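Dear colleague,

I am handing over the structure we spoke about, so that you can look at it yourself before reading my notes. Please open it below and keep it in view while you read on.

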Amino acid sequence: MVIYGKPTKSSFGMSSHHSVFRNESVLVPEFVPLTTPHRGDQMKALEAYFQGVVERSGQMSQNVLLSGPVGSGKSMLAKKLGATLERNALLYGNRVKFFHVNCRIDRSLQAILTKCMHFLGHGYPSRGFGFEELLQSFSEALTGDKVHLIVAFDEVDSLVISDPSSLYTITRLREITQGSQVFSSLLISKTLDYLKAVDLSTLSSLQWNSISLDPYSSQQLYDILGSRSQDAFNDGCVEDDSLELAAEIASTYGDARYAIDLIYRAGRMADLSDSPRITPEHVRRAKASLPPQFKKEELAYLGRHQRLILISISNLLKKSDSAYITIGEAEKSYDALCESMGVAANHHTQVWSDINELSRKGIIETQISGKGVRGRTTMIGLSLVSAEQLIDELRGMVADVRS
Ligand SMILES: Nc1ncnc2c1ncn2[C@@H]1O[C@H](COP(=O)(O)OP(=O)(O)OP(=O)(O)O)[C@@H](O)[C@H]1O
Ligand SMILES: [Mg+2]
């Protein structure tokens, strides 16, 4: 037998199978896309707020609040903004640097400013010096380098909760140098609730430049998926219905991250089943493959009384030996909590409807008890999260609860 030429991989078995993916890497959460449908206006507004710093970085300083629900594009906007501002400043002969930190990871201002020092190319020991000394070195570094630093404090609520004075210090950072301006900030969070615990003088110096993002609608998510799919998938490999379905599913939360994750997984499902295209069935399978998750973000959207109810339930469950408490016990404990806080408790029907709502959102689990010792009643438990964890998460919102 004579073989002419070298057999290429594609002339055998596996080979006829083509992946639906053109480039998977553009679907990972950290990837910053070039086009961002439905965020053009917000991007322009952010740029406009910082235009003064770009043009006159030595004389101007800015502080902007950016808020919006999970997956609404906050971190993405911040990263794109950073690149744009640095580039634009150069056109004016100014040195502006942008540094993005996640305060859920770096939970103290000391840690963040130390990181800033390293980012600016200045060694600074992470131990052994006090905060005042760090501030001093920080301002000297910026003035010495003639750099204006803009720090994006992402998930800033974590920082403010673990260190309430940090917000005050951030606003004061603008005044650490005399004569010139070297520091600006962008404070990013899901809600502005964390500001409720902050004193008035800090609030007034924040100056209320605020941009808030709405959750994406299913139509908007569809556009976003369409735009992201162009780079991610080969031509003709995604059915339009699949994009629509993924957008529809994710629109419950208005969450672009979830929508993208769905279509990414659906692509994997298509490849696994040797399908040349991503069909709605792949999207459904992708959805089913995502484990039911406790979404911490959900807590941020609860009403004040829903939070109080949840705290009461968690407290009871933590003390209790059994997996469930009765709805009656929950209500009693809620009444007691309200009384101890001097808050007027809601009526029975409202409390029960709130409990239903919590159950519908999957934060608590309810079931009707069999005819047992307790008769037929609604039992409440937690399936996705421990009582301890819930109390921990809610603790940060207590300031809000009490207000
Ligand atoms: N308009 C858009 N166009 C394209 N991709 C988008 C758009 N909005 C968000 N995304 C993408 O969706 C994902 C989630 O966005 P991002 O991380 O910015 O959300 P977030 O608001 O910071 O959410 P979280 O509060 O959970 O941190 C990212 O991968 C981002 O690139
Ligand atoms: Mg984010």
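What follows is a short account of a sheet and of a pair of helices.

Please keep in mind throughout that this is a predicted model.

I begin with the sheet, and with a reminder that strands of a sheet pair through backbone hydrogen bonds, either parallel or antiparallel. Here, 5 strands form an open sheet in the order β2-β3-β4-β1-β5, and their pairing is parallel. Because β2 (96-102) and β5 (210-212) stand at the edges, each has a single partner strand, and one side of each is left without a neighbour in the sheet. On average, and with direction ignored, neighbouring strands of this sheet are turned by 15° against each other.

The helices come next, and two packed helices are described by the angle between their axes and the distance between the axes. Helix α14 (residues 327-341) packs against helix α15 (residues 348-360) at an angle of about 115°, and their axes are 11 Å apart. The helices α14 and α15 are therefore roughly perpendicular to each other, and their crossing is right-handed. Where they meet, α14 contributes I327, A330, E331 and Y334, while α15 contributes V351, W352 and I355. The residues of this contact divide into 6 nonpolar, no polar and 1 charged.

Notes. Residues are numbered from 1 along each chain as its sequence is written. Chains are lettered from A and ligands numbered from 1 in the order in which they are written. This is a predicted model: local features need pLDDT of at least 70, side-chain atom pairs count only at pLDDT 80 or more; totals for chains, interfaces and linings use all residues. Axes are lines fitted to C-alpha atoms, for helices over the stretch in contact, and angles run from 0 to 180 degrees between N-to-C directions. Helices (H or I, at least four residues) and strands (E, at least two) are DSSP runs, numbered from the N terminus. Angles under 35 degrees count as roughly parallel, over 145 as roughly antiparallel, 65 to 115 as roughly perpendicular and the rest as oblique. A crossing is left-handed if the near helix is turned anticlockwise from the far one by less than a right angle, and right-handed if clockwise. Two residues are in contact if their C-beta atoms, placed from the backbone, lie within 7 Å. Ala, Val, Leu, Ile, Met, Phe, Trp, Tyr, Cys and Pro count as nonpolar, Asp, Glu, Lys and Arg as charged, and the others, Gly among them, as polar. Two strands pair if DSSP finds at least two bridges between them.
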